[in-house]
Amino acid sequence: MATQLIDQFAKNLAPDTKAAVYDGSKKGHEKRTQLLFDTYADPNRLREIAGEIKQHVIENLDTYLPAVEAKLQANGVKVHWAATGDDACAAVRDIMQARGLRKIVKAKTMVSEEIELEHYLNKHGIETLETDLGEFIVQIDHDHPSHIVKPIIHKNRREIAQSFEREGLGAYNDDPATITARARQFLRHKYLAADVALTGANFVSVESGRLVIVTNEGNSRFCLAATKCHIALVGIEKLVPNDRDLGLLLNLLGRSATAQQLTVYTEFVSGPKSATQPDGPEEMHVIFVDNGRTDVLASDCRDILRCIRCGACLNVCPVYRQASGHAYRSVYPGPVGAVLSPLLAGKKFPEFADLPKASSLCGACHEVCPVNIPIPDLLLRLREKGKREGAPLAAAGTPPMGAWAVLASQPAAWKVALFGGKILNFLPTNLIPVPALRAWEAKRTLPEWRGGEFRAWFKNRPKP
Amino acid sequence: MSTSREQIMGRVQAALAPLPQRAARPDWDRDLVILRQAHGLTDPWPLFAERLKAVNGTPLTSVTELVALLGKNNWKHGYCDPALWPQLSGAFPSGFTVETTYDRTRVDDYAFGLTAAAGAIAETGTLILTDNGTSSRLGALAPWVHIAVLHRNQIHHDIPSAVAALPADPNIIWVTGPSKTADVEGILIEGVHGPGRQVALLVD
Ligand code: SF4
C-alpha cells in the first residue's frame, strides 16, 4: 500500500463535504482563540493547571473511584461498574428490564457510541432515540458522527432536508430554522413518552458527587424533566476532585468546544429529583465504564485520559480538516482519536495502527488542548508501539528505510549512491521503482538532485 | 460486590503501582479564571444584563415591560409558579391565560413559563435554577419563552463565587441564554428543545 488509509479517505471526500469540514473547523478554531485571549491575561496558565488537575485525578483513581462511589450512594444514586462495553450494555438492559421500561431518550454520550449500545438495546427490544439535533440526524441516516461536538459537520442542509422528508417530518425544506423547528416539535413528544433518560457526564465531582452535563440545545435537560429514570454512562476518567475545579474546567470547555464563555445549559445533577419537584427522575443510576481505559492508564500514553472531549484539537488539525472524521474509523476522530482509538481498541490495535501517523506532528493540537495533552509525543510513542508489534498498518505509507540504512552506514556505498543520484536528473523520475516515492510524486515535483556538493565543499574548504 | 467492580479496581491499582510518584494536585488562585470585566463590581446587575444580552437573552426590570413583550408577540397562554403568581397577576390584563399547574399532556399550549431563579452570574449572563426553587422542570423548559424571576442580591459576580455557593440540591442548572444549535452548517438557530427566548426579570 503506497499511501495511508487516511489519505484515501481525504482523496475520496466529496468536495462539498471537504469544504464544510474545513470551514467549520477553521471558524471554530479562530473564535476560540479570540475569546480565550480577550478574556484572560494568561490562558496558557489555565490550560496547564487544568491539565495538572486531570493528571492528578487519573493517577489517583484508586482512591477517587471508591470515594465518588460512596458519595453518590450517600446522595441516593445507584452505582454500577462495567469492565467492558458488553458489561455496560448489559447493565443498562438489566436496569430497564427489572422495571419493565422500554423507551430511552438519549442526550449525547460518547461512551454509548463507543460500546455500541443502541444496536445492543434494539436487539433486546428497547427503543433508543437520539435527541441532540445532529445526533438525531445521524441516527435517522444510519450514519456516524464525524466530529466530537459537531456530529454532522460533514452534512449540508440539502441532505438533511431530504432525510427529514424521507422520515415524514414535513415536505422538503432546507431552511435551518425550519429543520430545527420540526425537530423541536417531533422530539418533545418523544421525550414525554419515554421511560428513561440516558446521558453521559462531562465531569463528576468526587467531593459532592455532582455529575456535570453540558448541552447547548437543552436536550439533556428535557430528558431529565420528562422521564422517571436517569441512567448515566460515565468513563472512569471523568472525575475531578472538587466542585471548585469545575469553575476552571467549565470555563475552558465552553471556550474550547464552541467559543462560548459557558455552554448554554450546564447541569449539576447529584441525585433523583427533590421531593417537591413534580417532574424528573425518581431514580438515578451511574454506570462507571472501563472498556479499555485501565489499559490506557497502564500505558505510557495515560495522559490522553485527561481529555475533556472539547474537539479543539480536531478544529485546528490540518489532517482532520482535509480528511474529516470518518477517516479515523472510530468514535473519537482527529488528534485525540489518533491516540485514543488505537489504545481503546485493545487487541484490535493493529487495525488502527496507522492513525498515529495521521499527523504532521505540527504541534497545533497540543497548543490548543485545554488540558494541555502533549498529543504529538503520545503519537510518537504509539508509532513506536506499532513498529515494535509489527503492525502492518504502522508501516503503510512509510518509505522503506532499509536501503537508506545500508547507504548511511557505509561511506563507500554512499559515494556510489551520490553519483547514482546525479544520474537521476537525466531519468524521468516516474521510472524510479519505489512505490512510496511514486505516491509522493503524484502531487509534487522532485527537486533536482544536488547530492555530493556538501562533500566537495567540505573537502576543499579553506582550512583554519 | 460485583465482579466488574473488582476487575476495574484491580486493574487501576495494577496500572498505578509502577508509578514512581503520583501527580500532585495543583494549587490555583481563583482570580485566574475571573474575567477581566468582573473585577471590582459594586452593582452586578448592569454587567449581568449586558452579558445576558450578549448571549441573546432579554433582561427586564419591570413586570409591565414583561407583559408588553408577551402581548406584542401574542404569547398569551402560559404557566406560572404558584408561589409567584399572587405578586405578578395584578400586572397581567385580561386576555392572558395563566395556569399554575403545568399539564404535560398539553405541552404545545404554553407559550411562556414563569419560574423563580435561585441566582445568577454576572460575568457570563447566566441564570441559576435549582430543583427546590423551580416549581416545574417542564414549565421552565418546554415553553418558547422562559422568564426567570431574579432578585438583585442573588447575583454572583463570577463563576468561582457561584461554584462556591452551589447549594445542596439534586439538580442545579446554569442557563446562559436561549437554547441553541449550530449543527446545521454552523448556522446559529435558537429554540431547539428549550426556550427560544430567555428572559431575566429583576424584581426588587
Ligand atoms: S485532546 Fe484536548 S483538545 Fe482534543 S478533544 Fe481532548 S481535551 Fe479537547
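This is a predicted model: local features need pLDDT of at least 70, side-chain atom pairs count only at pLDDT 80 or more; totals for chains, interfaces and linings use all residues.
Leaving aside neighbours within four places in sequence, B:D183 is in contact (heavy atoms within 4.5 Å) with A:D132, A:L133, A:G134, A:V149, A:K150, A:P151, A:I152 and A:E217.

That brings us to the interface as a whole. The contact takes 76 residues from chain B and 97 residues from chain A. About 7300 Å² is buried between the two chains, with carbon and sulfur atoms giving 57% of that area; buried area here is the accessible area (1.4 Å probe) that two parts lose on being put together, summed over both. On the chain B side, B:W28, B:D183 and B:H193 lose the most area to chain A, together 11% of what that side buries.

One of the partners of B:D183, A:L133, belongs to helix α8 (residues 133–140) of chain A, where eight of the eight residues are buried. Helices (H or I, at least four residues) and strands (E, at least two) are DSSP runs, numbered from the N terminus. The buried residues of α8(A) are A:L133, A:G134, A:E135, A:F136, A:I137, A:V138, A:Q139 and A:I140. Their cover includes α6 (110–114), α7 (117–123), β3 (127–130), α9 (157–166) and α10 (176–193) of chain A, together with β10 (180–181) of chain B.

Two other helices of chain A also hold residues that touch chain B. A:F222 lies in helix α11 (residues 219–226) and counts as buried at 0% relative accessibility. Not counting residues up to four places away in sequence, A:F222 touches A:R188, A:Y191, B:L138, B:L141, B:A142 and B:H193. A:G247 has its place in helix α12 (residues 243–258) of chain A. This glycine is buried too, with a relative accessible area of 1%, and it touches B:I159 and B:V163, again setting aside residues up to four places away in sequence.

Now step back to look at chain A overall. It has 23 helices and ten strands, and buried residues make up 58% of its 464 residues. Among contacts in chain A between residues at least 6 apart in sequence, 74% join residues at least 24 apart. Chain A exposes about 18800 Å², with carbon and sulfur atoms supplying 56% of it; accessible areas come from the Shrake-Rupley method with a 1.4 Å probe, and for residues only the protein chains shown count as cover.

Next comes the ligand. The residues around it are A:C307, A:I308, A:R309, A:C310, A:G311, A:C313, A:V336, A:C369, A:P370, A:V371, A:I373 and A:I375, each with a heavy atom within 4 Å of it. This shell divides into ten nonpolar, one polar and one charged; Ala, Val, Leu, Ile, Met, Phe, Trp, Tyr, Cys and Pro count as nonpolar, Asp, Glu, Lys and Arg as charged, and the others, Gly among them, as polar. A:R309 is found in the loop between α13 and α14 (312–316) of chain A. It has a positive phi of about 55° although it is not a glycine, and at 11% relative accessibility it counts as buried. A:C369 is buried as well, with a relative accessible area of 8%.

What about cysteine pairing? The structure holds zero disulfides over all chains, a disulfide being a pair of cysteine sulfur atoms within 2.5 Å. For A:C229, the nearest cysteine sulfur, that of A:C223, is 12 Å away. A:C229 is buried, with a relative accessible area of 2%.

Methods:
Residues are numbered from 1 along each chain as its sequence is written. Chains are lettered from A and ligands numbered from 1 in the order in which they are written. Side-chain values use heavy atoms; hydrogens and water are left out. Buried means under 20% relative accessible area, exposed over 50%, partly exposed in between (1.4 Å probe, protein chains only).
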